[in-house]
Amino acid sequence: MKNQALLLDADAIRRALMRIAHEIVERNHGVANMTLVGIRRRGVPLAHRIAANIGTIEGEVPPVGVLDIGLYRDDWEQRPFSNVDATSLAPNRINGQVVVLVDDVLFTGRTIRAAMDAVSDFGRPKAIQLAVLIDRGHRELPIRADYVGKNVPTARAERVYVKVQEVDGMDQAYLERDGKGEDA
Amino acid sequence: MSNTGTSWRIQGARVIDPFRGIDAVLDVTVRDGVFVEDHDPSLPVVDAKGLWLVPRLTDMHVHFRDPGLEYKEDLASGSRAAAAGGFTVVCTMPNTKPVVDIPSLVEWQKERAETLGLVRIWPIGAVTKGEEGKELAEMYQMAQAGAIGFSDDGHPVADSRIMRAALSYSATLNRPIIQHSEDPDLFAGGSMHEGAISQQLGLGGIPAEAESIMVWRDVELVQLTRGILHVAHVSAPGSLEAVRYAKNKGLAVTAEAAPHHLFLSDDAVREWQYSAVTKVNPPLRPAAMQEALIQAVTSGLIDVLASDHAPHHADEKAEPYDKAPFGISGLETFLGTVMTVFLGRGLLSPLDLFAKLTAMPHQVLRQSYAGISPGAAADLTLIDPGAVWTVDPAAFYSKGHNTPLAGATLTGRAVATMVGGRWTMREQEVLG
Amino acid sequence: MKDLLTLEHLSAQDIEELLDLSENLGEIVDRPIKKLPTLRGKAVVNLFFEPSTRTRNSFELAAKYLSADVINVQPSGSSVEKGETLWDTADNLVQMGIDAAIIRHKVSGVPQQLAQMVSIPIINAGDGMHEHPTQGLLDMLTLRQAKGRIDGLRVAIVGDILHSRVARSDIWALRALGADVVLIGPPSLMPDSFRQLSHVTVTTDLKEGLQGVDAIQVLRLQKERQTGGDIPSLWEYRARWGVTAHSLQWAKPDAIIMHPGPQNRGVEIDSDILDSSRSWVGRQVRNGLAVRMAVLFRLLGGAHNE
């Protein structure tokens with residue numbers, strides 16, 4: 001038996017992404033020399049939405065790149081084989097740019113570590129920033145998000161799911177735990 | 001039970017004696033190494049109820065590799081394999097190192113076999129010196145020393161002029177030329193039958209015609225010379241046609257088939273995934289050709305069954321397919337294979353089947369043997385016709401464990417072999 | 001998937017997944033820093049018993065772009081002449097910690113035999129006249145990029161089909177993916193049993209064979225075929241089966257040209273079409289790298305592949 005708890009509904013997600021867009025513009029004093037990079041899979045539509053929000057705020061939509069970190073994982077030997085999607089990052093959008101990584105959930109930090117390695121292979125950014133819809137804690141690396149939709153304290157064994165319209169047909173974030181409660 | 005001695009009373013066996021055309025449950029008495037008529041109650045009794053008794057099982061085509069290639073097989077290990085397989089006579093092919101092309105080597109092989117005392121060895125001498133196909137070997141001298149026939153087996157006698165001379169000698173020697181039929185040019189580069197499977201696996205193909213072209217040529221040369229030709233290991237439909245033509249013409253042409261060509265098709269090459277245990281010359285043929293060969297044996301067009309026992313070292317057979325040597329270690333599966341094919345499918349009576357391993361090879365080789373008759377050497381095999389067994393090459397007496405029959409289930413097996421009244425094998429254990 | 005030995009035994013789905021992965025890895029070739037950490041700490045051996053610079057280079061770069069360490073072994077001389085078998089050579093490498101072996105051998109079946117003996121992944125880089133699966137995959141990827149699909153295409157393979165491992169891998173993959181195959185070549189170099197294959201047409205007539213095809217794979221003609229007695233002369237071969245601007249008009253107007261290389265310009269194919277916009281030969285080479293990265297990642301990536 002599984003228990004689910006709603007974290008964000010569609011409206012809450014929409015508001016969070018708008019707030020993140022404002023914060024990005026404010027922190028960087030505009031959108032000049034900025035690239036958003038969505039991390040496959042659900043980070044990609046979130047990046048596009050943030051970029052669109054920035055467009056309504058600033059009148060200029062920053063470019064969005066796509067990154068699959070499958071080739072940079074440090075744990076693939078422990079996981080079954082999974083396919084890798086296409087990455088599209090133009091080096092001239094990385095060198096000297098502010099790169100804002102966008103992902104749905106920040107957990108151990110290993111995905112972001114891999115994403116920073118990948119971005120570095122395409123060039124030398126002026127800065128890398130991180131935007132996530134949900135930060136659920138339990139970091140294993142010294143990584144923190146610059147923009148957070150919602151901080152959610154969780155137990156390690158709990159699972160956080162984000163669904164987005166473009167992939168899943170709905171916008172929603174929820175927490176799931178096994179019926180027995182937490183395992184240690 | 002003691003196994004020593006040369007006098008026995010074998011009771012209750014179904015006696016299948018193709019030399020005399022007998023198939024009946026009889027008691028058989030052996031005294032001092034020969035069959036006798038009387039019923040001496042003092043002799044040790046062997047209870048053979050439920051078993052078959054066949055005299056003088058003969059395999060007229062084996063490679064014992066001795067002298068020179070003893071790492072593959074030697075006369076001792078080959079003889080043990082023959083005894084284990086139920087055979088009392090084998091004819092050894094001369095492609096040793098050096099080649100058996102002089103009388104002293106023929107004599108040496110016979111003497112060595114007598115010392116070992118496990119199987120009668122009737123050596124076959126080479127047709128040409130060194131099996132090089134260029135100059136005739138001393139056939140008269142070798143015949144005098146005991147060569148039973150002549151062959152360059154492993155290679156064909158490709159030169160038509162040499163083959164013509166050899167066949168003309170064979171008529172005066174009253175001994176056959178045993179031809180390994182193969183057109184060297186069509187054969188070149190091949191390692192399995194040329195057909196759908198070779199073309200999918202990308203292995204060099206040997207067309208069936210590489211064999212049959214040479215059989216047709218030899219049949220024509222027999223017409224020219226009135227010689228005696230025995231076609232070894234026939235596998236191709238065209239060869240069967242040539243043999244049929246020759247027999248209809250009344251020519252002295254006989255033919256043999258090998259058990260692996262009757263039991264397996266070239267599908268085995270695919271199933272064994274490029275393991276060279278399936279590599280044999282002539283190659284395993286497609287199922288339709290396999291069936292045609294079975295029919296030719298059944299109809300009597302093929303006179304003799306012979307194993308073409310060709311042991312090789314495991315290292316050689318582990319080579320890539322194109323490089324590994326041809327050959328299957330066949331003595332210890334021969335009987336079970338042909339019993340499974342012909343008796344299992346009810347194609348031949350036991351008497352007709354065993355004729356091809358007894359009376360027919362004697363006829364082809366012009367040797368006389370009276371079967372189970374007073375005074376005839378007591379060479380016999382006890383066979384369990386219902387024994388169902390799985391082939392395990394590790395248990396072979398032969399040094400060669402190379403067989404694509406590994407793991408196959410066969411029905412019928414020799415359980416005891418006697419040569420000259422002496423047991424050479426009892427219950428799968430070779431004595432000596 | 002433990003090994004990549006043949007395309008004959010892969011399903012359409014297996015092939016398509018490998019093509020998708022190859023497609024997604026293709027961009028690596030264009031990166032300023034072509035060094036991904038994916039296979040860091042993995043050791044791969046190029047075991048080439050038959051000389052080949054192109055294929056070996058492609059595998060070597062693919063492995064290096066993914067950070068695997070690569071050694072090249074050409075065991076023609078030393079160890080083999082000392083009596084060491086190829087299985088000894090392989091076992092030695094396994095004992096030294098090699099994680100995968102890429103093998104080319106002039107005898108068909110050697111990669112299959114090796115795969116049964118060792119537990120590490122074996123990649124067939126061409127065995128005798130049997131298969132060259134990564135070439136087959138890169139040809140499929142090229143076709144898919146050029147035509148947007150493979151299902152329903154009509155693809156001609158021209159040349160010495162009998163001795164061609166490329167032809168075999170292409171035939172199996174094209175049939176699996178729903179294409180029709182036309183085999184065109186001299187009668188002495190055509191495996192007659194291929195006439196019985198479904199979705200395969202066999203002809204000795206170039207004009208007839210090229211009618212309505214979407215793509216032409218031109219095979220290299222080995223010069224030994226003339227000395228070996230299979231064809232009368234290279235000149236006659238060219239006159240009858242050479243793919244030229246003239247013969248190209250028999251194919252569809254948008255038909256593309258492929259060649260596994262290296263090309264004998266002026267024999268099986270002419271320079272003007274090889275260098276024309278209809279030639280996808282350069283893309284084939286590029287795709288070769290993507291396919292080989294994908295295969296290495298597929299076989300070495302992920303927890304125990306069954």
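1. A helix here is a DSSP run of H or I with at least four residues, numbered from the N terminus. Helix axes are lines fitted to C-alpha atoms over the stretch in contact, and angles run from 0 to 180 degrees between N-to-C directions.

2. A word on the model before we look: this is a predicted model, where local features need pLDDT of at least 70, side-chain atom pairs count only at pLDDT 80 or more, and totals for chains, interfaces and linings use all residues. Residues are numbered from 1 along each chain as its sequence is written, with chains lettered from A and ligands numbered from 1 in the order in which they are written.

3. Start with chain C, where helix 2 (residues 53-65) packs on helix 13 (residues 281-300) at about 55 degrees, their axes 8 Å apart. That angle makes helix 2 of chain C oblique to helix 13 of chain C (under 35 degrees is roughly parallel, over 145 roughly antiparallel, 65 to 115 roughly perpendicular, and the rest oblique).

4. Which residues of helix 2 of chain C meet helix 13 of chain C? They are C:Ser58, C:Phe59, C:Leu61, C:Ala62, C:Ala63 and C:Tyr65, and their partners include C:Arg292 and C:Met293. Contact means that C-beta atoms, placed from the backbone, lie within 7 Å.

5. Now look between chains: the contact of chain A with chain C takes 19 residues from chain A and 18 residues from chain C.

6. Chain C also touches chain B, in a contact with 20 residues from chain C and 14 residues from chain B. On the chain C side, helix 5 (110-117) and helix 7 (165-176) each supply at least two residues, and helix 5 of chain C gives the largest share, 4 residues.

Definitions and conventions
Two residues are in contact if their C-beta atoms, placed from the backbone, lie within 7 Å.
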